[in-house]
Amino acid sequence: MTANVHEVLRLQPLYQDRVWGGRALAERLGRPLPAGRVIGESWEIVDRPEAQSVVVGGRFAGQTLRSVLASAGEAIMGPTWPRDRAFPLLVKWLDCRERLSLQVHPPAAIAPSLGGEPKTENWYIAAAEPDAAVLVGLRPGVTKAAFERALAANEAEGCVRRLPVGRGDSILVHSGTVHAIDAGNLILEIQQNSDTTYRVYDWGRTGLDGRPRALHVAESLASILWSEPPPPLVKAAPGDAVLAECREFRIRRQALAKGQTLSFAAGEEPRLLSVVEGELTGDGAGGGLARGDNVILPYAGAFAFTAGAPATVLVTDRFTGGPGANG
């Protein structure tokens, strides 16, 4: 990749049916969704054996993200990036028309023993109904024994913190934290490259096939970090801010006035750019970026984007060297 390094990598969404999903990606983001399906997730950027993003437009059009990294990984990820290493993050839009299961992802220290992968994730609330909330972390004083008793009595909800949320709020959920997303949320999830989820409770729901969904109670109880304090909710506010900073990645919110330009130098690090409000134009943007777009800015490229109207973007970086570099 010695030429056109200023091109963003724009990828084709992969839509996933979920029992709790709906049609908000069409209604709020203007996406042309497959007809007759209940779409809960759009996998925007993914490099996994079972799911591959495909590049749209530009020099690598039609190629999978895996093949692009294998042929041009140094230019996209940096000079020390191994060509056989998967892209370390997975980016999703979540349409939570109904409540998700109560679940947990295994911490890195025990994930291999359970046959899973750790997954620290950040939720940015792009839109929310008036009564929307997230359930994150245990209430004070909840022990493993108390939680097991609550599960047996179908009273698990009383053990978990419920946080009302609104548009522009954000929360970082580490592996080992029990959590669920309540109904009425449209969320941009930026996470480690993992697809391991242990459901501990599912509110008595059945799946799309009409049968109860599988639970993973033993794995969940082994994964929950019982003494860890729950994460704080970052409330929406005007201006720029760091929304999440952990070993796996950093996410910054950038608020742009109409006509304001956001620039990135070449040769620093790869980044993700996510447009959550407004639209951007710029050299290498392939016709501009609209609300809902998520693109990769290669390491070797220099980029400048200008807001056509007031815009809010998330910039994700610092994801190439830590435990998030799954391969």
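1. Cysteines. Cys 246 counts as buried because its relative accessibility is 17%. Cys 159 is buried as well, at 8%. Here buried means under 20% relative accessible area, exposed means over 50%, and partly exposed is in between (1.4 Å probe, protein chains only). The search of the whole structure returns 0 disulfides. The criterion for a disulfide is a pair of cysteine sulfur atoms within 2.5 Å. Such a link is a covalent bond between the sulfur atoms of two cysteines.

2. Basis. This is a predicted model: local features need pLDDT of at least 70, side-chain atom pairs count only at pLDDT 80 or more, and totals for chains, interfaces and linings use all residues. Residues are numbered from 1 along each chain as its sequence is written, and side-chain values use heavy atoms, with hydrogens and water left out.

3. Largest pocket. What is the volume of the largest pocket? The value is about 430 Å³. A pocket is an open set of points on a 1 Å grid over the protein atoms alone, where a 1.4 Å probe fits, with protein on both sides within 12 Å along at least five of seven lines; lining residues have an atom within 4 Å of a point. Grid points are joined across faces, edges and corners, and a volume is the space filled by probe spheres set on the points. The lining of the largest pocket has 26 residues, and Arg 18, Trp 20, Glu 41, Thr 197 and Arg 199 are the closest to its centre.

4. Who lines the largest pocket. Strand 2 (14-22), strand 3 (39-45), strand 6 (89-96), strand 8 (121-128) and strand 12 (179-181) each contribute at least two lining residues. Strand 2 has the largest share, with 4 residues. Helices (H or I, at least four residues) and strands (E, at least two) are DSSP runs, numbered from the N terminus. By class, the lining of the largest pocket splits into 9 nonpolar, 7 polar and 10 charged residues. Ala, Val, Leu, Ile, Met, Phe, Trp, Tyr, Cys and Pro count as nonpolar; Asp, Glu, Lys and Arg count as charged; the others, Gly among them, count as polar.

5. Second largest pocket. The second largest pocket holds about 370 Å³ of space. It has 24 lining residues, and Thr 120, His 174, Ser 175, Leu 225 and Glu 248 lie nearest its centre. Strand 11 (170-173) and strand 16 (241-245) are the elements that give two or more residues to this lining. Its classes are 15 nonpolar, 6 polar and 3 charged.

6. Main core. The largest nonpolar core has 38 residues, and Phe 87 and Ile 296 have the most contacts inside it. A nonpolar core is a set of buried Ala, Val, Leu, Ile, Met, Phe, Trp, Tyr and Cys residues joined through side-chain atoms within 4.5 Å. Elements that give two or more residues to this core include helix 1 (24-29), strand 13 (185-192) and strand 19 (271-277). Which element gives the most to this core? Helix 2 does, with 6 residues.

7. Contacts of Phe 87. Leaving out residues up to four places away in sequence, Phe 87 touches Ile 45, Asp 47, Leu 65, Arg 66, Leu 69, Met 77, Asn 193, Leu 272, Ile 296 and Phe 319. Contact means heavy atoms within 4.5 Å. Another core lies apart from the largest one; it has 18 residues, among them Val 104, Leu 151, Ala 156 and Tyr 198.

8. Thr 316. Thr 316 sits in strand 23 (residues 311-317). It counts as buried because its relative accessibility is 0%. Beyond residues up to four places away in sequence, Thr 316 touches Leu 89, Ile 190, Phe 249, Arg 250, Ile 251, Pro 270, Arg 271 and Leu 272.

9. Backbone checks. Most residues other than glycine have a negative phi. Asn 154 has a positive phi of about 55 degrees and is not a glycine. Asn 154 lies in the loop between helix 4 (144-152) and strand 10 (160-164) and is exposed, at 56% relative accessible area. Trp 203 is also not a glycine, and its phi is positive, about 60 degrees. Trp 203 is in the loop between strand 14 (198-201) and helix 5 (217-223). At 23% relative accessibility, Trp 203 is partly exposed.

10. Distances. Pro 82 is in the loop between helix 2 and strand 6 and is partly exposed at 28%. Pro 82 and Val 19 are 63 residues apart along the chain, with their C-alpha atoms separated by 38 Å. Ala 222, in helix 5, is partly exposed at 43%. Ala 222 and Glu 157 are 65 residues apart in sequence and 19 Å apart, C-alpha to C-alpha.
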